[in-house]
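Here is a briefing on a protein structure. Look it over first, then read the points below.

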Amino acid sequence: VEAGDAPRFLDRLRAGETTAFEELVITYQHRVFGVAVRMLGNAAEAQEVAQEAFLRAHRGLAEFRGDAKLSTWLYAITSRLCLNRLATAERRLHRQGEETLLRLAGGEWPDAAVERGEVEAALHRAIAELPEDRRIVVVLRDLEGLSYEEIAEVLDLELGTVRSRLHRARADLKDKLERFLP
Amino acid sequence: MSCHDARESLSAFLDEALAPDERQRVAQHLEGCPECRRELTRLEQTVALLHRVEPVRAPVGFVDAVTAAARPRPWYRRVAAAVFLPFSVKLPAEATAVVMVALLAVYVFERTPALQESARTQPEVREDPREKTARPAPPTVLTDRFARDSSSGERSPESKARSLEKEQDRREAPAAPRLDAAPPVAAPPAATAPAAPAAPAPGATPPASKVEGALEKSQAENRQAPAPPSAEGSRGAPAAPASPRLAAKRAAPSADAVTGIAVRDRDAAERDLAELIARVGGRETGRRREEDATIVEAVVPQSRYAEFTQSLTRIGAWRVEAERPDLPAQVHVILRLQ
């Protein structure tokens with residue numbers, strides 16, 4: 001049980017205690033933002049989505065049953081927001097052509113990563129190029145460290161689906177990152 | 001286990017996410033398959049690469065932004081919003097409503113002759129509401145109104161002029177009768193009628209003045225068009241008119257009847273009318289075509305005037321707009337075909 005999931009803390013959250021909510025944001029801000037930025041590839045958009053995720057959590061705290069971990073619940077909200085936004089953005093990008101899609105893949109976030117090294121930049125680009133349903137699985141598993149069961153819960157998927165999507169995502173990445181492997 | 005099946009499970013094998021029996025089978029396959037072992041190694045290296053990715057940090061100020069956005073507004077702000085916010089919506093809406101009602105009132109007043117008449121506190125003789133609502137409207141009797149106004153002394157000449165202009169503005173211009181075609185009906189000069197202090201009171205209006213009024217009005221409405229030179233000549237105007245309206249008054253001819261006829265084909269109607277005039281023993285004394293109407297002046301024997309008007313039905317829907325009650329032997333009639 002994470003610190004954020006302590007029963008006393010959950011009670012404070014459900015009671016609408018401002019400091020409890022602030023603690024929740026402080027605890028999970030990097031994880032929520034991390035998923036958003038890796039899914040969206042744009043820091044400003046990721047911040048917007050991450051903030052919206054916390055605000056939705058804030059509004060829904062009274063109904064949070066506590067049978068899932070807070071982190072899982074927050075990841076679920078964030079993932080849904082990201083995938084919804086990507087679905088909208090993707091429709092827009094399809095109209096604008098593949099060139100825009102590639103520009104997004106090499107957008108703000110990967111560019112910033114270039115400064116931290118070629119490998120990491122290539123990693124980000126490879127992740128950004130994954131299909132969204134695979135990308136979210138590999139982000140949650142290999143970057144956020146969730147278990148298969150947690151991912152299944154976050155994305156409301158069967159365990160087998162999580163396994164196969166993760167395997168395909170990793171296989172894709174392996175092919176793209178071949179030259180960086182020892 | 002085939003290589004294909006084994007490779008499908010390599011990722012989960014790496015994560016130790018396989019059931020023990022499945023894990024056992026994959027392990028057995030890997031022992032005898034260097035290709036799949038190599039594949040597992042590459043996959044492991046890829047995951048290791050992913051784990052090297054530095055964790056992302058939310059931007060500075062993110063917590064403050066979120067908590068500020070989530071913070072409920074203080075009670076006094078919520079109360080203020082509930083109390084005052086509606087005004088920001090209500091006030092413009094109410095102001096708009098007031099303006100709309102005012103505009104509607106003006107519009108209704110303008111379009112409803114009865115209201116205008118009641119505003120003048122004088123009943124109009126022979127007022128036909130259709131005359132004012134129909135467009136284009138025929139000339140109406142104004143002389144009586146002027147006479148009343150003059151006798152009552154309640155309205156200044158300027159107000160009369162404004163009244164006349166107002167009437168004119170609401171109408172499309174009908175034709176001005178040609179003065180050189182004035183019928184042999186004796187009538188006082190129109191210009192004197194409105195200003196005459198001894199103008200007859202309502203109810204005692206001499207018949208001539210009414211028809212003259214219509215003609216005078218008709219003339220006045222056409223003041224944009226240059227007055228026929230014969231008008232000034234026939235009247236022998238001593239001085240140039242001070243305004244087109246005055247000129248119209250001075251030049252106003254007299255007629256015994258004014259009739260409007262709604263026709264579909266003006267050319268055909270003109271021909272039919274000419275034939276009718278000839279048939280009843282009358283003569284056409286003038287004709288002018290305007291954009292929306294043809295003005296025909298004629299003299300018709302009074303003995304056949306009734307037959308003449310009844311026969312107009314064949315030409316079109318007609319309406320007597322002004323008519324002298326005691327028609328002379330030769331009736332000077334102005335017909336407007338439109």
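## Two chains and how they meet

From the N terminus on, chain A reads α-α-α-α-α-α-α-α-α-α. That is ten helices and zero strands, where helices (H or I, at least four residues) and strands (E, at least two) are DSSP runs numbered from the N terminus. This is a predicted model, in which local features need pLDDT of at least 70 and side-chain atom pairs count only at pLDDT 80 or more, while totals for chains, interfaces and linings use all residues; side-chain values use heavy atoms, with hydrogens and water left out. Residues are numbered from 1 along each chain as its sequence is written, and chains are lettered from A and ligands numbered from 1 in the order in which they are written.

**The chains one by one**

- Chain A has 182 residues, and 51% of them count as buried. Buried means under 20% relative accessible area, exposed means over 50%, and partly exposed is in between (1.4 Å probe, protein chains only).
- Take the contacts in chain A between residues at least 6 apart in sequence: 62% join residues at least 24 apart. A contact means heavy atoms within 4.5 Å.
- Chain B holds 15 helices and five strands.
- Chain B has 338 residues, and 43% of them count as buried.
- In chain B, 74% of the contacts with a separation of 6 or more are between residues 24 or more positions apart.

**Where the chains touch**

- On the chain B side, 33 residues are in contact with 41 residues of chain A.
- The two chains bury about 3400 Å² between them, 64% of it on carbon and sulfur atoms. Buried area is the accessible area (1.4 Å probe) that two parts lose on being put together, summed over both.

**Charged and polar pairs across the interface**

- Six salt bridges are counted between chain B and chain A. A salt bridge is a side-chain nitrogen of Lys or Arg within 4 Å of a carboxyl oxygen of Asp or Glu.
- The side chains of A:K174 and B:E39 form a salt bridge, at 3.1 Å from N to O.
- Between chain B and chain A, 13 residue pairs are in polar contact, both at pLDDT 80 or more. A polar contact is a pair of N or O atoms within 3.5 Å; within protein, one must be able to donate a hydrogen and the other to accept it, and residues adjacent in sequence count only if both atoms are side-chain atoms.
- On the side of chain B that touches chain A, α1 (3–14), α3 (34–51) and α4 (62–70) are the elements that give two or more residues.
- α3(B) gives the most to that side, with nine residues.

**Cysteines**

- A disulfide is a pair of cysteine sulfur atoms within 2.5 Å.
- The closest cysteine sulfur to that of B:C3 is in B:C33, at 3.5 Å, so the two are too far apart for a bond.
- B:C3 is partly exposed, at 33% relative accessible area.
- A:C82 is buried, with a relative accessible area of 0%.

**A look at B:R279**

- B:R279 lies in helix α14 (residues 266–279) of chain B.
- B:R279 counts as partly exposed, at 40% relative accessibility.
- Leaving out residues up to four places away in sequence, B:R279 touches B:R304, B:S311 and B:R314.
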